Each structure stands twice: as structure tokens, then as C-alpha cells.
Amino acid sequence: MTRMRRQLQTTTARREANISHPQARALFAVSSACAILVVACLVIYLDDASLEMVRRINMSQSDGSAYREIVEWRKPVVLTSTVADRWKASKWTSKFLSWKLPHILAYRQELDPVFMTFHDGKPLEHLVNEYWKDFNEKVNVTIPELLHWQVSGGNHDKNDDNFLYFSQDISLLRDWFPDIVSHTMPINDLVVSEGGIQVNLWIGRAGITTHMHYDAMYNFFYQIQGQKRFTLLPPTSCLYLYPCLHPHYGHSQVDIMAPDMKKFPLFNRSAEVVIVVHPGELLVVPPFWFHHVETLQESVSLNVWSDASEYILMNNIYSKPVPLELEWLFERRVQATRLYSHLLLKALGIQSDDFIQKLFFTRYFPLYGYDSARANLRVNETFTLEMRAICDTNWSVRVLQRDVLSESDVSRCLGGIVPLFMAMSDRAILEVLLANYLEHLVHVCVGLDQVYSFFQVCQVTGLD
């Protein structure tokens with residue numbers, strides 16, 4: 001079990017969070033139960049799934065603890081007259097920054113103004129079809145070049161096919177701007193947890209868009225110049241996430257501006273929240289809320305990240321052993337992974353087949369099986385036949401535990417992770433992170449090339 005635990009840890013990214021384009025911090029994020037403070041005077045709700053109105057809350061009479069109370073709601077809120085208004089950075093303009101930062105490394109795309117993180121080195125990258133584009137190209141530019149001042153006076157030029165976007169941890173800009181960190185002080189009121197604290201600078205011209213994604217971070221987003229439109233959906237939304245083994249993990253496969261309802265029939269935007277953020281406003285983007293961001297005018301923004309409570313729990317889960325060994329024959333590893341997944345889901349009160357089928361049809365099938373001619377990932381039919389031959393053997397839990405897994409090992413391993421999953425207060429977030437965990441478990445225990453076939457074929461019907 002020790003070797004398997006080490007491998008499971010090393011094949012997972014450190015964080016499952018923070019995939020806001022264009023920067024990507026790894027994807028394994030984590031939870032601890034948070035009390036949601038219901039303060040009716042701040043935001044008016046229709047119900048848990050649908051937000052009728054987001055109020056802009058004046059914070060001029062609030063102390064630092066009010067920010068923490070608001071983020072614990074796990075609902076989007078717009079704040080005004082905040083601590084950020086006291087920053088020197090609140091007076092920044094794009095012209096000022098062009099003087100302070102003579103050159104920057106910007107993300108570059110051709111033809112498409114919609115940016116999506118591409119995490120190099122993710123396990124499924126080598127299976128991605130040739131047509132799939134790596135979005136991580138960076139170029140050294142000036143801010144006037146970034147914003148096309150010489151072309152269009154800062155406005156989006158629809159005839160231009162070269163799109164640039166800039167995002168950077170401000171601590172990495174000190175070679176050009178030595179006192180940049182002091183320009184965002186104080187930030188204590190906006191730091192919710194001790195881990196993952198980061199302040200980022202975002203600069204872009206009108207028309208630049210960030211694809212729908214989630215972060216596992218507390219996120220205070222402060223608009224300094226221009227306007228941005230956020231389209232947000234709660235964690236309960238079915239957004240057909242890319243597999244967490246895919247370079248686009250954490251992003252939705254759905255183009256929410258033109259959704260293909262034949263390909264993504266469960267996509268529903270009824271709980272959608274749309275917020276235009278103006279200069280001087282601070283948007284609270286809750287962890288695991290999906291958000292799509294459009295730059296409406298030439299824009300300068302800052303945001304403050306810190307780890308969501310889910311991060312600690314999930315990181316702890318990945319440190320725990322699993323009751324399998326890589327030395328076992330392939331058939332035994334498949335059956336053991338199948339059984340362990342079933343017992344974990346059952347311990348969490350989740351119907352195994354329903355969960356595995358949803359994982360397969362919302363994450364993998366749109367990439368592999370919906371349109372074979374344009375499949376994002378290639379399927380090996382031989383692997384599918386091999387997996388079917390193994391999983392069609394209808395063994396009971398009792399037989400599997402006797403012949404495949406040690407019941408005492410299973411109990412010990414489940415006892416280490418089930419309480420951590422159960423500590424997550426939001427069931428929808430738990431299910432996102434649980435699906436990620438199962439993907440990594442299958443990757444390590446069965447093999448990367450077999451992940452699709454396992455989820456397609458190895459349902460657990462009959463194991464109860």
C-alpha cells in the first residue's frame with residue numbers, strides 16, 4: 001500500500017484549484033466544513049440554486065471580520081468602499097503600468113479571443129489528437145502592444161487575428177516594479193486562509209474572454225480600470241468538465257455562449273448569475289463556482305487568492321494509502337479498483353453506478369465517443385474489449401473481498417478518507433473532487449490507456 005500511496009500522490013497535482021486563465025496552479029484542492037452565514041440584508045436569493053439579485057454592499061462601516069463572514073456564504077457578492085480602495089494600486093492605469101513594466105510575458109492566441117488554460121504534462125496530453133491546440137504560447141511584448149494602442153486605440157479590432165492576454169503573480173514583477181507588492185497593502189482582510197496566498201495582475205483589451213472554469217480558491221477580484229462581465233454558475237451545475245487528467249482540467253467543455261445541446265444535453269443555465277464589475281468594485285467569487293469572464297473595455301484588475309478549505313482535506317486524502325499493489329496481475333488490479341471504488345461510494349451514501357455513469361458521460365464520452373471523426377482523445381477498442389471481458393465477470397462483494405482485496409486493508413483505507421470527504425459541507429463540491437479522485441485512482445491502479453475503458457465498461461451493477 002505504501003508504494004501505491006506514493007504513486008497516487010506523485011501523479012496528482014498539488015492543487016486542484018486555481019485554474020483561472022491564464023495562470024494555472026495545480027488542480028488538487030480541498031475542504032473543511034464552513035458555516036454559511038445567512039445574512040438576509042446582504043444578498044437576496046430565490047432559493048439555493050437560483051440567485052435573483054446580487055447586491056452591491058458598501059463596506060465603509062465594516063471591520064475586517066465582515067469579509068470573512070461574506071466569503072463563508074459561498075455566494076457571489078459585489079463589495080464597494082472596501083479595503084482595496086486604500087491601495088496605491090487602486091489608482092493604477094494601463095498607461096502607468098506601461099511605464100513601470102516595459103516588457104511583459106503575455107499569452108498569445110491566433111483567431112480565438114477565448115483563453116483556456118492548457119496544463120502541460122497532464123497524463124492525457126499524449127493521447128490528445130493532433131488538431132488540438134496548445135494554448136500556452138507566451139510572447140514578450142510591451143503593454144501598448146498587448147492593448148493594441150498603435151492599432152485601435154485600445155479597442156478590440158475585429159479584423160485582427162492575434163490575441164494577447166496578461167496575468168501574473170505580482171511578486172514576480174518586482175525586477176521591473178520593485179515596490180509593486182506595497183501597492184496592494186493591506187491585504188489581511190482579504191486573506192481567508194494561510195495557504196496559497198497570491199495577488200495577481202490582469203491586463204487585457206476589450207473582447208478578451210476567459211473560458212468557463214472553476215477555482216478552488218477564495219477569490220477577491222478588484223476592478224481598477226475598465227469593466228468585466230462575469231457569468232457565474234453554482235457548483236451544482238452540470239458543465240461537462242474536462243477530465244482532471246486532461247490539459248484543460250477544471251474547465252467546462254461547453255461553450256456557454258453557443259452551447260451544443262445535442263452534445264451536452266444536461267447543460268442548464270437557469271441558475272446563471274451575470275455581474276458587470278466596474279472600477280472600484282470588489283467581486284467575491286466563491287470557490288468552485290464556475291465563471292466565464294468577458295473583458296468589456298480595456299481592463300486592469302487585481303485579485304487576491306487564498307486556499308479554500310477543501311484544499312486541506314483533499315490534499316490529506318491524496319496522502320492516504322489505497323489497498324492495492326502495482327505488482328498484482330492486471331485483471332486483479334481492475335477488479336480491486338472496481339470494488340474499492342464501489343465501497344468508497346457506498347460509504348459516502350452515493351449510488352455507485354449512477355455516479356460512475358455520470359462521470360463517464362459528462363467528462364469522457366464528449367471527448368472520445370460523441371464524434372469519432374473529431375474526437376479530442378483517441379479510443380483503443382482492443383482495450384475496451386479486454387476491459388469488458390474482465391468486468392463482465394459478475395463477482396459479488398463477498399467473493400471479491402475474499403479473492404481480490406483484504407477486508408481489513410479496505411476498512412483501514414476507507415477509514416482514513418471517508419471522514420475527510422464527509423467533512424465537506426457542500427455535496428456538489430464533494431462530488432467534483434470525488435470524481436477527480438476516482439480518475440486518479442484508476443489512472444494509477446489500472447493504467448492511463450485504460451481509464452476511458454474502465455469508466456465505460458466497469459460499472460458495479462450486482463456488487464451490492
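User: In this predicted model, what handedness is assigned to the crossing of helix 7 and helix 8, and what does the term express?

Analyst: Helix 7 passes helix 8 in a right-handed crossing. The term applies when the near helix is turned clockwise from the far one by less than a right angle.

User: What makes helix 7 and helix 8 roughly perpendicular rather than oblique?

Analyst: The axes of helix 7 (residues 330-347) and helix 8 (residues 352-368) cross at roughly 110° and come within 9 Å. Angles of 65 to 115 degrees count as roughly perpendicular, and helix 7 is therefore placed in that class relative to helix 8.

User: Which residues make the contact between these two helices, and how do they divide by class?

Analyst: From helix 7 come His342, Leu345 and Lys346, and these meet Ser352, Phe355 and Ile356 of helix 8. By class, the contact of helix 7 with helix 8 has three nonpolar, two polar and one charged residue. Lys counts as charged, while Leu, Phe and Ile count as nonpolar.

User: Why are helix 6 and helix 11 called roughly antiparallel?

Analyst: The axes of helix 6 (residues 309-318) and helix 11 (residues 407-422) cross at roughly 165°, coming within 9 Å. An angle over 145 degrees counts as roughly antiparallel, and therefore helix 6 and helix 11 receive that description. Their crossing is left-handed. Helix 6 contributes Leu313, Met314, Asn316 and Ile317 to the contact, and helix 11 contributes Ile417, Leu420 and Phe421. Six of these residues are nonpolar, one is polar and none is charged.

User: At what angle does helix 11 pack against helix 12, and what makes up that contact?

Analyst: Helix 11 and helix 12 (residues 427-445) pack at about 145°, and their axes are 10 Å apart. In helix 11 the contact involves Ile417, Phe421 and Met422, and in helix 12 it involves Arg427, Leu430, Leu433, Leu434 and Tyr437. The contact of helix 11 with helix 12 has seven nonpolar residues, no polar residue and one charged residue. Ile417 and Phe421 also belong to the contact with helix 6.

User: How do you know that cysteine 391 and cysteine 458 form a disulfide, and why is it called right-handed?

Analyst: The S to S distance between cysteine 391 and cysteine 458 is 1.5 Å. The cut-off is 2.5 Å, so the pair qualifies as a disulfide. The torsion about its S-S bond is about 55°, and the disulfide is therefore right-handed. Distant parts of the chain are linked in this way: cysteine 391 belongs to helix 9 (residues 381-391), cysteine 458 to the segment after helix 13 (451-457), and the two are 67 residues apart. A search of the whole structure finds one disulfide.

User: What makes strand 1 and strand 5 edge strands of the nine-stranded sheet?

Analyst: The open sheet of nine strands has the order 1-2-12-9-14-7-6-3-5 and mixed pairing. Strand 1 (56-58) and strand 5 (138-141) each have a single partner strand, so one side of each lacks a neighbour in the sheet. Ignoring direction, neighbouring strands of this sheet are turned by 30° against each other on average.

User: How do you know that strand 9 and strand 12 are paired?

Analyst: At least two bridges are needed for a pair, and strand 9 (residues 217-225) and strand 12 (residues 282-285) share four bridges in the antiparallel sense. Asparagine 219 has valine 285 of strand 12 as its bridge partner.

User: What is the strand order of the five-stranded sheet, and why do strand 4 and strand 11 stand at its edges?

Analyst: The order in this open sheet is 4-8-13-10-11, with mixed pairing. Valine 114 stands opposite threonine 209 in strand 8.

User: What makes the backbone at proline 186 and arginine 74 worth noting?

Analyst: Most residues other than glycine have a negative phi, and most peptide bonds are trans. The bond from methionine 185 to proline 186 is cis, with omega near 0°; proline 186 lies in the loop between strand 6 (162-169) and strand 7 (198-204). Arginine 74 is not a glycine, yet its phi is positive, at about 60°. Arginine 74 is located in the loop between helix 2 (65-71) and strand 2 (77-80).

Definitions and conventions:
Residues are numbered from 1 along each chain as its sequence is written. This is a predicted model: local features need pLDDT of at least 70, side-chain atom pairs count only at pLDDT 80 or more; totals for chains, interfaces and linings use all residues. Side-chain values use heavy atoms; hydrogens and water are left out. Axes are lines fitted to C-alpha atoms, for helices over the stretch in contact, and angles run from 0 to 180 degrees between N-to-C directions. Angles under 35 degrees count as roughly parallel, over 145 as roughly antiparallel, 65 to 115 as roughly perpendicular and the rest as oblique. Contact means heavy atoms within 4.5 Å.
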